[in-house]
Amino acid sequence: MEWQPSAGLEALQARAGLLRQVREFMQVRGIMEVETPALSRAGTTDPAIDSLSVALPRELRYLHTSPEYPMKRLLANGSGDIYQICKVWRLDESGSRHNPEFTLLEYYRVGHDYRQLMQEVGALLALLIPGLPAAPVFREYRHCFLDTFGLDPFNTRPETLAACAAAHGLELQGGQDKLDLQGWLDLLFSHVIEPGFPDTGLTFVYHYPAAQSALACVSEHEGYAVACRFEVYLGPLELGNGYQELSDGAANTRKLTRDARQRSREGRSGPVIDRRFLAAMQSGLPHCAGVAIGLDRVLLCRLGEKRLEQVISFAWELA
Amino acid sequence: MATYNTSEFRSGLKLMIDGDPYVIVENEFVKPGKGQAFNRVRVRNLKTGRVVEKTWKSGDSVEAADVVDREMEFLYNDGEFWHFMVTDGSFEQFAAAESAMNDAAKWLKGNEVCTVTLWNDAPLNVTPPNFVELQIVETDPGVKGDTASGGSKPARLETGAVIKVPLYMDQDEVVKIDTRSGEYVSRVKES
């Protein structure tokens, strides 16, 4: 019987050191550590994320996929800057760089905008992954496509993107009509653009298409509606996802309602809309920026390992 | 028709792609921060042996290939087909065409237990035992006492295969060969 951990002792020690450094970083900046429920009645209605459910005798609850909703309820109630380090769960996300249960650092800065947060995340990751030779690179989503394919992602059609994918040897099984415009952008971004990011330093990608805004503010930039959101990478590995948080109560309600409708159209089950979260947004979220960072992946980079099970004590198959 | 969902993908799973049977070599789950997830998969065509990369939208279903591996004893070659018998006592026999034999043919003289991969109940691929023992039928005379120089010479075996053997080996001697590398392993002493 295989009972030993999938991670070595050195990785476990490195994890303990990493958590200590994160907490010191937060303490120095006056950011308060909080805990919020992992098992809730409501949950995310994001069409791209599926929750794990837990059947209790009288109700169905869901394991959180991120602590975003309850942390925003704390912010709306005047908590000020807060952070949380917690386990989160995402259904069917399994691979060498995905473990269905993983450790997230999520934190919010009141009064900051997403550009300030990018700088701070850069400093945090430089601390957690020492020895990166190159300074961070900041790239707009649109320019990633223009530079790589000569294609404007804000002004293109699915057929054009499908032809571009074929030209790059990307064979999508099951036919061209499998994907919509956003799906083709995701395919090209994840299969061609991400692998081109340097592994000598961090890459920040920002100004995503408004369709990928999730709960980030949308603003106009050079005539395009862009989401005030960023993702941070080391090489092709995504480490974090940051937002200028959408604070408008009505906009939050519209977004979650639209997502829930899409899920039901696609015949997918999952949690109901989080009404308590929306009530908090109606009452008013302060102007803030927030980010979620996958700490297992950060540890992977810190140790120069290749597979998540090397840094997780008992990876999914051994859990 | 049996199918697999992409969430069941793992190494060794057999799939039908464009009418051919494939086996998954490596499955990678790829997902942008917010958006569509994909399975990027390295698959080997079981007919040609070629390895290619394919991408599925996560959540899609793929037809399963009816491919199984069975242990069979090689009986004889009739000039066109290679005949095998299942070793489970059922006496069930299968005939493999030349195309399924690949390299296996040159290591088999009879009675070896091979792994025969069946696709829709027809032999698709034959894997010989990892080690076989065969007699040398033709080679230059052995150099007496030369067990240290490390030199080698070609030798033809009873099945027609030609391998490299140490200089001290002689005709009629029996050698042990690793069929995965096609290399000489050791001399087999006559008992």
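What follows is a short chat about a predicted model.

Student: Which elements of chain B have the lowest and highest mean pLDDT?
Tutor: The lowest is helix α1 (residues 98-101) of chain B, with a mean of 89. The highest is strand β8 (residues 81-86) of chain B, at 96.

Student: Switching to chain A. How far apart are the end C-alpha atoms of helix α3?
Tutor: They are 20 Å apart.

Student: What caps the N-terminal end of α3(A)?
Tutor: A:Asp113 does, with a side-chain oxygen 3.0 Å from the backbone nitrogen of A:Arg115.

Student: Which residues of that helix are buried?
Tutor: Among them are A:Leu117, A:Val121, A:Leu124, A:Leu125 and A:Leu128, and also A:Glu120.

Student: OK, the largest nonpolar core: which residues touch the most other members?
Tutor: Out of 38 residues, they are A:Met26, A:Leu105, A:Tyr107, A:Val121, A:Phe230, A:Leu239 and A:Ile293. The largest share of this core, 7 residues, comes from α3(A).

Student: What does A:Leu105 touch?
Tutor: Leaving out residues up to four places away in sequence, its contacts include A:Met26, A:Tyr83, A:Leu124 and A:Ile293.

Student: What's in the second core?
Tutor: That separate core has 25 residues, including A:Phe145, A:Leu185, A:Tyr208 and, from chain B, B:Phe38.

Conventions:
Residues numbered from 1 in each chain as written. Chains lettered and ligands numbered in written order. Predicted model: local features only at pLDDT ≥ 70, side-chain atom pairs only at ≥ 80, totals over all residues. Heavy atoms only, no water. pLDDT = per-residue confidence, 0-100. Helix = DSSP H or I, 4+ residues; strand = E, 2+ residues; numbered from the N terminus. Expected span 1.5 Å × (residues − 1). Buried < 20%, exposed > 50% of the residue type's maximum accessible area, 1.4 Å probe, protein only. Polar contact = N/O pair within 3.5 Å; in protein donor to acceptor, adjacent residues only side chain to side chain. Core = buried A, V, L, I, M, F, W, Y, C linked by side-chain atoms within 4.5 Å. Contact = heavy atoms within 4.5 Å.
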